[in-house]
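Biologist: I am new to this structure and would like to go through it with you step by step. Could you set it out first?

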Amino acid sequence: MTGRLLEVSDLSVTFSTREGDVQAVRDLNLRLDEGETLGIVGESGSGKSTVALAILGLLPRNATTTGSALCRGMELIGMSEDDIAKVRGGTIAYIPQDPLSSLNPAFQVGWQVAEAIWTRQNVSKAAAWERAVQLLELVGIPRAAERAHGYPHEFSGGQRQRIVIAIAMANEPDIIVADEPTTALDVTIQAQVLDALRAARDESNASLILITHDLGVVAGLADRVMVMYAGRPVETGSADQVFYQSRMPYTVGLLGSLPRLDADGSGPLRPIPGSPPSLVVLPDGCSFSPRCPLATGDCLTQAPRLLPVQPDHMAACHRSGEVAGAGAGMFTATWADSTADVAADVLTPEPVPVAAGTAPGAEQVSDQPIIMVTELVKHYPIRGGRLVRHQIGEAHAVCGVSLELRPGETLGLVGESGCGKSTLARSILQLVKPTAGSVIFGGDELTGQSRHQLQPIRRGIQVVFQDPYASLDPRMPVGETVGEPLRVHGRWDRQTGPEKVTELFRLVGLNPEHRNRYPHEFSGGQRQRVGIARALALDPSVIVLDEPVSALDVSIQAGVVNLLEQLQDRLGLAYLFIAHDLAVVRHISDRVAVMYLGKVVETGTRSQVYDSPTHPYTQALLSAVPVPDPAVERRRERILLTGDVPSATSPPSGCRFRTRCWKADAICAEQEPELVDRGFGHPVACHFPSLTSVTAR
Amino acid sequence: MPEPAFDTATTAVAAREQRAAQAGLNVEARSQFQLAADRFMHHRLALASLAFFVFMVLVSTAGAHLWHYNYAQITNQFATGPSAQHPFGTDLIGHDLLAQVLTGTATSIYTAVVVAAISTVVGTLIGAVAGYYGGMVDAVLMRFTDLVLVVPGLAILLVLAHGVSSLASNPIWIALVLAALFWTYLARLVRGTFLSLREREFVESQWAIGSSDRRIILRHLIPNAIGPIVVNATLTVANAMLVEAALSYLGLGIQPPSVSLGGLIASAEGDATVMPWLFYFPAIFLVLIILSVNFIGDGLRDALDPAQRVRA
């Protein structure tokens, strides 16, 4: 048994705000042993970051911290600012979430790493610089000696986060606290950064506290896991115990609501109903009780304490014994919002009128594509110049993409940020004017049409955007927002208009009584439902969904995904589903297209792409996604891509992926591979495709 | 908040929501406007200033008619100090100063409000169109705005005051000229606000629905930019009063026989040492009104500032 490094007991943090006291953390106990990795998971607002900030003494002034945090005999809570500053960066190193703002843009990165060394250690600046270069090398900055002279803006997001890790390692800390270190990053970059973090931990023999909302990341890295909900730890134990023998309904619900990359995703997801409580007015009893299917009697009156259920495994639940037996089945596969008690058909008794010609049964049989995109190109001009602004280049956002979408099906479009998937969506919708190519929707050519000509066509093809906070007019009651399309298209009248809005609210699982409320009064999931209701108002046959669930917490996301599937079944909608989350796309899509730097590199049915990917990029992408299963994560072998996505202003010659591809050969630089079937049953744009299953089962 | 069941099948929903409401999940249904009004009400200085400003408007408008002297009336008391008969005293010619100050206050406030109203409407429209359309439209409109900004407005007034003196003495004419200069600040502000609002996805959603530009600007964007617009309009009132006073002092603003606070201060200039009341009363009125308008502006900015909303 190794020594105890950090012992936190009865930690509580309260923020006093205008709205009242926010109890961000309540009665938290945790311990960290030498060389151990503790994962703290929870959704937004669960208090997981506040724990880290409290230990490090970084909380803002309106916070009151009580309790104790002992680190090597030192009491950290209430320590003077000067003393705790010595602990930070010495004994405990902190890796914040946002690599963009945690580096000083005015100094060379090598200098920033070296500064951390010479301010604490009695070494010469030259020696500190030398060590800095070593650290940069260790975290995987190529040509570190040379690039140490670079400034932060010359590095990509993933590289910057690695530089921050290097700074954290500078003084060989005993504990590294990483707060959502990969949240802002793409999966392939996330895999690189997690690798660097692993290397940093092993090199410095430090213990790691990894704070994240991503259960997959925790499964791959943590020895022990703490699950937090509404400011309290609700379950702690070894990774295996928490993942395989969950004793708290919330943990069970989180795991059940997550679509998995390694499952075929046929059944509906099981979301947790409702949303987390306000931390100002907490419910009596267990904070999770309003959302818990097992809650009865004392759950509503008495807050459960965190008690041992097995050796080293604790859960805060009055019914932890029942949880073990019930499993994921305790949550129903619902699609409505906070209406877990209501069967789906109760909410929408009336059949939904569907626009003529888009009746579900009629068109689903036909194989005629409803949307045909041919060689679509979108280049953005880049303007600049000293005296007179003029075009100095072009960003090749979308470069000759062809797609087909058939009625009633879902085409998933995946790719990392900057691959052009959102631009493709906007070009299809004619929200940006495509540079070349054609989009045919139900027999009408959309490109080159005037706004006036497009107006009637828009009825049939609607869109739901990513950000539920930005996509609703904050000054308009949601009921009016949903009615807007009807008014714009002259279909509103005083009798049928409100009726239609009521019907739409029910259709998306919202309470029609809430129509007069404003967007800020709704949770993210509810807002996204309002956005979906607005898209449905004109009875479209196609909906373009641009990252519809990526801004939502997993427990909420599952409900929205279920809603989308349910609407598709009922209304015969066709979806173009754009996302970076491969697991969600796998769950919802019939066919999938993978994009890289403005081009589709591989496309096929869901099982073709996910089970027998042949393009190296698809394989790398799938292999980079963490799976919320510790055993799988432990035995998985990753394809780790090197480098970052090249700039879209000067894409590489030939195959665009060749700069990061381990198979790249001379021909890849000279000749661009066509997207054709190369003997694997589905089209792939690679000169050297090969069949490899990378999704660990 | 009561959550009545909307039909029998969904009583379970209602029950759940009731529980959620107890848990503090439901925010009280209040519009942005109500929230802002609520915050404004908590800004004591602004609230007091608003009360003072309203009081001044009422007193100056009604008082000028109720007081037993007219502002142009010449009494037989020359250059007397404050007394029961003439609380603010009289000037050399025998004008009752209280009557003059009340009328002058009313003129100054009305001129300033007209300036604010016109410049807000013009500035908002030009800024909105420039910010929403961008590109060439933006370039043309903003270069025009820059041109107006660099035109010496005082020179125009000077010419007008000397050339068409019958017009220059009319407060409305002064208000129009000031408005023609003042809209530029708001146009720039609204343009900036629109440039950032335009990028929000709810605008894109409107395009996807097929909304007209007119509808997007009037129904969606202007309501979202209303905070800075209202604050700026308020501050324009204070600014216009100050500029009008300065112009009148220089003899370029509102001319006799009309009186304004600036004009009164100007005419008191020579006699300030022997008849200080002629200077102090109009000056105190001017300062207090401008201060109160500025405090109202501060309160509105705090109440409408989006940064405040984030904390909620």
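Biologist: What domains does the domain assignment of chain B give?

Modeller: This is a predicted model, in which local features need pLDDT of at least 70 and side-chain atom pairs count only at pLDDT 80 or more, while totals for chains, interfaces and linings use all residues. Residues are numbered from 1 along each chain as its sequence is written, and side-chain values use heavy atoms, with hydrogens and water left out. The bounds come from an automatic or database domain assignment, and for chain B they give domain 1 (1-42) and domain 2 (47-311).

Biologist: What area is buried between domain 1 of chain B and domain 2 of chain B?

Modeller: With contact taken as heavy atoms within 4.5 Å, 5 residues of domain 1 of chain B touch 10 residues of domain 2 of chain B. Buried area is the accessible area (1.4 Å probe) that two parts lose on being put together, summed over both. Carbon and sulfur atoms give 68% of the area between these domains, which is about 680 Å².

Biologist: How many salt bridges are counted between domain 1 of chain B and domain 2 of chain B?

Modeller: A salt bridge is a side-chain nitrogen of Lys or Arg within 4 Å of a carboxyl oxygen of Asp or Glu. Between domain 1 of chain B and domain 2 of chain B, the number of salt bridges by this rule is 0.

Biologist: Why does the salt bridge of Arg224(A) and Glu36(A) tie together parts that are apart in sequence?

Modeller: The side chains of Arg224(A) and Glu36(A) meet at 2.6 Å, N to O. Strands here are DSSP runs (E, at least two residues), numbered from the N terminus. Arg224(A) lies in strand β9 (residues 224-229) of chain A and Glu36(A) in the loop between β2 (20-33) and β3 (37-41) of chain A, so the parts that the pair ties together are apart in sequence by 188 residues.

Biologist: Which strand of chain A has the highest confidence?

Modeller: Chain A has a mean pLDDT of 86, and 93% of its residues reach 70 or more. Confidence in chain A is highest, at 95, in strand β15 (residues 410-414).

Definitions and conventions: Chains lettered and ligands numbered in written order. Helix = DSSP H or I, 4+ residues; strand = E, 2+ residues; numbered from the N terminus. pLDDT = per-residue confidence, 0-100.
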